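Look through the sequence and structure before reading on.

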Amino acid sequence: MAAELNFSPPEVPEPTFLENLLRYGLFLGAIFQLICVLAIIFPISKSHEGEGGHFEPRKFEVTKKPKGAAPPQSKKSKKETKKKR
């Protein structure tokens with residue numbers, strides 16, 4: 001009975017090119033995700049030493065457009081007639 005047992009390893013087919021590509025692509029994707037998560041947890045602040053040592057945000061001028069005058073009377077009369085219907 002002991003002579004009949006076969007303890008040889010099972011035959012596993014060699015992975016194809018696409019399987020290898022998928023495996024290494026998944027590894028690279030996992031590494032990229034870890035780098036992204038670590039970048040969020042440990043942000044790196046950029047220092048601009050040549051610009052005086054501190055960062056000044058740019059100040060943008062906000063120009064407001066003046067509101068137009070009231071709509072012409074013809075539009076008001078049209079709205080009032082629609083409301084009356």
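Q: Of the 25 residues of α1, what number is buried?
A: This is a predicted model, where local features need pLDDT of at least 70, side-chain atom pairs count only at pLDDT 80 or more, and totals for chains, interfaces and linings use all residues. Residues are numbered from 1 along each chain as its sequence is written, and side-chain values use heavy atoms, with hydrogens and water left out. Buried means under 20% relative accessible area, exposed over 50%, partly exposed in between (1.4 Å probe, protein chains only). Helix α1 lies largely in the open, because its number of buried residues is zero.

Q: What does α1 reach from its first C-alpha to its last?
A: The expected span is 1.5 Å times one less than the number of residues. For the 25 residues of α1 that gives 36 Å, and the model comes close to it, at 36 Å.

Q: Is Val-37 buried or partly exposed?
A: Val-37 sits in helix α1 (residues 17–41). Its relative accessible area is 45%, so Val-37 is partly exposed.

Q: Is Lys-83 buried or exposed?
A: Lys-83 belongs to helix α2 (residues 73–84). Its relative accessible area is 72%, so Lys-83 is exposed.

Q: What percentage of the 85 residues of the protein count as buried?
A: Helix α1 has zero buried residues. Across the 85 residues of the protein, the share that counts as buried is 0%.

Key. Helices (H or I, at least four residues) and strands (E, at least two) are DSSP runs, numbered from the N terminus.
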